[in-house]
Amino acid sequence: MEIIITAIIVTGVIGLISAAMITIATKLMFVKVDPRVEKLMSILPGANCGACGFSGCEGYANALAKGEVAANLCPPGGNDTYEKINELLGLDAGEGLVSKTAIIHCMGDTDTMKSKMIYNGISTCFAAKQLYGGQGSCSFGCLGFGDCVKICPSHAICITKDIAHVDIRRCSGCEVCLKVCPTGVISVEKMPVHVAILCRNTEKGAIVKDKCGRGCISCMKCVRECHAGAIAVNESLAVIDYTKCDGCGHCAEICIKKCIVAY
């Protein structure tokens with residue numbers, strides 16, 4: 001009986017000591033949390049896309065509360081989120097959120113791109129690129145397995161005829177798709193985007209023509225007829241300087257291969 005009582009007393013003392021140690025440790029190690037962080041988390045979209053430069057919305061919220069970053073770093077949230085953050089933190093509106101959109105620079109779908117083989121491997125762009133560079137004859141184009149579709153937080157990308165397409169009305173410009181595209185066929189541009197050259201092949205025109213019916217053949221026609229001087233040919237590929245482009249759309253109208261499109 002005495003042994004049982006002794007065991008109970010010892011256990012109780014150990015419990016009391018442990019509780020006291022936990023209480024002291026809790027007070028000593030307590031980290032004060034800014035109450036604004038929770039409110040910021042409720043404002044942010046919760047996409048955890050990383051476009052703000054942080055691994056997730058919580059990291060961005062903490063940095064905002066500390067005044068370490070600007071309030072316009074959340075493309076998925078849009079201007080509505082930007083304005084709510086400013087209101088909560090008492091910041092000036094500033095220049096606002098810069099609208100962006102992703103662009104898939106490829107038109108090599110099943111109707112226009114020649115196929116070099118049939119692929120039956122892992123259905124991801126990353127795997128296909130590592131193994132053989134894609135089933136299409138052009139190694140610069142979209143591989144069409146939809147790695148970008150799976151990761152897009154705005155559901156703005158779809159696959160049609162084995163090629164990715166972006167709905168610029170839904171795209172937030174978060175740049176997540178850039179991180180998973182193994183061919184670098186995606187770019188993110190500031191809105192408004194009036195025209196875009198949907199090709200990334202830098203091979204000579206004759207080679208491009210043999211591989212894809214919609215590829216840029218560097219014919220220079222768009223360069224000669226652009227009155228704004230916004231188009232140039234670099235490495236056999238036409239590129240647009242959006243700081244000069246006035247959005248007239250003439251280049252899209254006269255493009256021989258129709259690889260320039262107007263939005």
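Contact here means heavy atoms within 4.5 Å, and helices (H or I, at least four residues) are DSSP runs numbered from the N terminus. The model is predicted, so local features need pLDDT of at least 70 and side-chain atom pairs count only at pLDDT 80 or more, while totals for chains, interfaces and linings use all residues. Residues are numbered from 1 along each chain as its sequence is written, and side-chain values use heavy atoms, leaving out hydrogens and water.

**A helix pair**

Let's start with helix 2 (residues 35–43) and helix 4 (residues 78–89), whose axes come within 10 Å and cross at roughly 165°. Axes are lines fitted to C-alpha atoms over the stretch in contact, with angles running from 0 to 180 degrees between N-to-C directions. That crossing makes helix 2 roughly antiparallel to helix 4 (angles over 145 degrees). From helix 2, R36, K39, L40 and I43 meet T81, K84, I85, L88 and L89 of helix 4.

**The cysteines**

Now for the sulfurs: with a disulfide taken as a pair of cysteine sulfur atoms within 2.5 Å, the count is 0. Neither cysteine in the table is in a disulfide.

| Cysteine | Nearest cysteine sulfur | Distance |
|---|---|---|
| C212 | C106 | 6.3 Å |
| C255 | C259 | 3.8 Å |

C212 is buried, at 7% relative accessible area, and C255 is buried too, at 10% (buried means under 20% relative accessible area, 1.4 Å probe, protein chains only).

Key:
Helices (H or I, at least four residues) and strands (E, at least two) are DSSP runs, numbered from the N terminus. Angles under 35 degrees count as roughly parallel, over 145 as roughly antiparallel, 65 to 115 as roughly perpendicular and the rest as oblique. Buried means under 20% relative accessible area, exposed over 50%, partly exposed in between (1.4 Å probe, protein chains only).
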